[in-house]
Amino acid sequence: MWDFLTSLYPWTKVLHVFAVVSWMAGLLYLPRLFVYHAESGGSGTEIGRVFETMERRLFRGIMNPAMTATWIFGIALALTPGLVSWTSDGWIYVKLTMVSILTWFHHWLGRRRKDFIKGENRVSSRRWRMLNEIPALALAVILIMVIVRPF
Ligand code: HEM
């Protein structure tokens, strides 16, 4: 049923990796913007509005489409005959767990973005710096799973 995906495989992979890189850029940079936004003082200031514009464009213009494309082309790869053995490959389940964490983190960041707009951010800049490590750690685990495939 999914045989047609075999001839598309190299292109599906190019699009998957392109989407992954774009999504990760946003997941790593948005919390970094929140660090500087949290340190910039109260909401309603000129600099606060500049941060809100940067955050909105990054989240809506890049991160949302990149996450959607990552899922679409990732699922297409998973359905391509011969790439994943759902009974004997363990790496895909670890990978999907990490991708679920990244997807949850993405939506959580989206809600925190709205807190900034309402002047209700309650996360300190120090905490934002620590949260910045979540996507980096998940990315490291995913790369080990897809490239080393330890199990
Ligand atoms: C959304 C769910 C996802 C699914 C179902 C999925 C599925 C897959 C599959 C089946 C492959 C293997 C292709 C092959 O054997 O050649 C692959 C490759 C890859 N995936 Fe994903 N993926 C997803 C999300 C992600 C995410 C979030 C990242 C990184 C943050 C990622 C990074 C990669 C990379 C770098 C490769 C290429 C590895 C290589 O062949 O050298 N994927 N993906």
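What is the geometry of the site of the iron atom of the ligand? In this predicted model, local features need pLDDT of at least 70 and side-chain atom pairs count only at pLDDT 80 or more, whereas totals for chains, interfaces and linings use all residues. Residues are numbered from 1 along each chain as its sequence is written, and side-chain values use heavy atoms, with hydrogens and water left out.

The site is octahedral, with angles of 85 to 177° among the 6 donor atoms of the iron. Octahedral denotes six donors with opposite ones over 155 degrees apart and all others between 65 and 115; donors are N, O and S atoms within 2.8 Å of the metal (3.2 Å for Na, K and Ca). His16 (NE2) and Lys95 (NZ) coordinate the iron atom at 1.7 to 2.1 Å. His16 belongs to helix α1 (residues 4-39) and Lys95 to helix α3 (residues 91-117), so the pair ties together parts 79 residues apart in sequence. Helices are DSSP runs (H or I) of at least four residues. Both His16 and Lys95 are buried (under 20% relative accessible area, 1.4 Å probe, protein chains only).

Around the ligand are 23 residues, of which Tyr9, Lys13, His16, Lys95 and Arg149 come nearest; a residue is counted if one of its heavy atoms lies within 4 Å. An N or O atom in the side chain of Tyr9 is 2.3 Å from an oxygen atom of the ligand. For a polar side-chain atom of Lys13, the separation from a ligand oxygen atom is 2.5 Å, and for one of Arg149 it is 2.7 Å.

How values were computed. Four donors count as tetrahedral if all angles lie between 85 and 135 degrees; four count as square planar and six as octahedral if opposite donors are over 155 degrees apart and all others between 65 and 115; anything else is irregular. Helices (H or I, at least four residues) and strands (E, at least two) are DSSP runs, numbered from the N terminus. Buried means under 20% relative accessible area, exposed over 50%, partly exposed in between (1.4 Å probe, protein chains only). A polar contact is a pair of N or O atoms within 3.5 Å; within protein, one must be able to donate a hydrogen and the other to accept it, and residues adjacent in sequence count only if both atoms are side-chain atoms.
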